[in-house]
Amino acid sequence: MTHPVHPDLLPAGVRAIELAPGMPGLAFSHPDFSAVLSLYGGQLLDFIPAGGQPLLYLSPQAQLQPGKAIRGGIPLCWPWFGPHPTDGSRPQHGVARTALWTVNAVARSDDGFHVSLNGPREGELQASLTLLLAPQQLSLTLTTRNLGKTPQPLSQALHSYVAVSDIRRLRLLGLAQAPYHDKLDGQFKRWPDGDWMPQAATDAVVASAAPLQLHDAGWQRRLQLASSGSASTVVWTPWQQGAAKLADLSADGWQHFLCLEAANAGADARVLAAGEAHSLTQQLRVAAL
Ligand SMILES: O=P(O)(O)OC[C@H]1O[C@H](O)[C@H](O)[C@@H](O)[C@@H]1O
C-alpha cells in the first residue's frame, strides 16, 4: 500500500507506518513520550510517557481489519453514540471508527506534536479532529460541522480506554452525586458520594462534565481528565462477565482499563443548526500520586 502521507511532509519524530494491510498510521517519537495514531478510525492507539506506563489501553486481541472497530485507545463514536436512534441496521457508535481519516497537517512545536485530520461525512455532518500530543498530556478535539440547510442531530463520545494497573485498585473522584442513566438496568440514579471504586460491570451516562481524577494505586499515578463542549461523561467497564462476551478482549483484559468518555450522550445529545459547528474536547494529563 502507498501510504497516504508522503514522508517529506512529516516533521522530525513522526513516521508513516502501516498497522495492518490497508490501515495506515503515524508513529510519534519524542524524548518525553511515544504515540501511535491510526488513520483508520482517526484513533489514537497508544501514548506512553518515557519510562512510564501507557496512558491508553489497546487490547492485544484488537482486530486490525477494515470494517471492524479497534478495541482500545480512543475510538471516536460519531455521529451517534450507541445504537443508531432510528435505524437498527446502522453500526453501533456511528461510522467514524471504521472510516479512513486523512491527514490535514502534522507539525511539531515546543509543546509537542499537533495533528489535524479530516474525517468522514455522514449525511450533512462533517467530522474533523485535532490532537495535541505533549509530554504528560494529550488533548483531542472532535469538531462537527453541519454543511446542510436543516438542523441535524448529533451524539458522540471520545471513548477513551484509560490504561490502569488493576481496575480493582482505582479511585475515581469528581462524579459524586451526579445524576446518571444506568444503561445496564435502564434506571436513572445518582452517583454515590465520596470516591468511587469500580467493583462491578458499569455502563453509565453521567450528566456531568466535571473534571475527573483517577487515582491508580498500583502504578502510583493520578490521571486528570477535563472536557469542554460536553455535559455528559460515560463510565464503562464490562467487568469479567461482560468481557467474556467480547471476542476482542482477552480473559483478563477487563482488569486493565476503565473507559472514561467525554460525550454528548443521552439528554446531552445536540442538534446542530444549518452551518453550525460544535467541538467536543477531552484532555488527559498524567501526574504522580
Ligand atoms: O463494544 P463497543 O461497540 O465498542 O461498545 C463498548 C461500550 O461503549 C460505551 O461505553 C457504551 O456505553 C457501552 O454500552 C458499550 O458496551
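**Entry 1: ground rules**

I am looking at a predicted model, where local features need pLDDT of at least 70, side-chain atom pairs count only at pLDDT 80 or more, and totals for chains, interfaces and linings use all residues. Residues are numbered from 1 along each chain as its sequence is written, and side-chain values use heavy atoms, with hydrogens and water left out.

I noted how strands are named: they are DSSP runs of E, at least two residues long, numbered from the N terminus. Two strands pair if DSSP finds at least two bridges between them.

**Entry 2: the four-strand sheet**

I looked up the strand order of the open sheet of four strands. It reads S1-S2-S3-S4, with antiparallel pairing.

Next I checked the pairs. S1 and S2 are antiparallel and share six bridges. Arg15 faces Ala27 of S2 there. Two residues separate the strands of this hairpin, and Gly22 has a positive phi near 80°.

S2 (residues 23–30) and S3 (residues 33–38) also run antiparallel, joined by six bridges. I found Leu26 bridged to Leu37 in S3.

**Entry 3: the eight-strand sheet**

This open sheet has eight strands in the order S6-S7-S8-S9-S22-S18-S17-S13, paired antiparallel. S6 and S13 (170–173) are at the edges; each has a single partner strand, so one side of each lacks a neighbour in the sheet. On average, neighbouring strands are turned by 15° against each other, direction ignored.

I zoomed in on S6 (residues 102–108) and S7 (residues 113–122). They pair antiparallel over six bridges. Ala105 stands opposite Ser116, and Val103 has Leu117 as its bridge partner. Four residues lie between the two strands in this hairpin, where Gly112 takes a positive phi near 150°.

**Entry 4: the ligand site**

Where does the ligand sit? I found it in the largest pocket. A pocket here is an open set of points on a 1 Å grid over the protein atoms alone, where a 1.4 Å probe fits, with protein on both sides within 12 Å along at least five of seven lines. To sit in one, a molecule needs more than half of its atoms within 2 Å of the grid points.

Then I checked polar contacts, which are pairs of N or O atoms within 3.5 Å. A polar side-chain atom of His93 is 2.9 Å from a ligand oxygen. For His159 the distance to a ligand oxygen is 2.7 Å. An N or O atom in the Lys183 side chain lies 2.9 Å from a ligand oxygen. The protein covers 84% of the 390 Å² of accessible area that the ligand has on its own (Shrake-Rupley method, 1.4 Å probe).

**Entry 5: backbone details**

I found a cis peptide bond from Trp78 to Pro79, with omega near -10°. Pro79 is in the loop between S5 (76–77) and S6.

Gln136 is not a glycine, yet its phi is positive, near 65°. I located Gln136 in the loop between S8 (125–134) and S9 (137–146).

Terms used
A polar contact is a pair of N or O atoms within 3.5 Å; within protein, one must be able to donate a hydrogen and the other to accept it, and residues adjacent in sequence count only if both atoms are side-chain atoms. On a 1 Å grid over the protein atoms alone, a cavity is a set of points where a 1.4 Å probe fits but cannot get out, and a pocket is an open set with protein on both sides within 12 Å along at least five of seven lines; lining residues have an atom within 4 Å of a point. Axes are lines fitted to C-alpha atoms, for helices over the stretch in contact, and angles run from 0 to 180 degrees between N-to-C directions.
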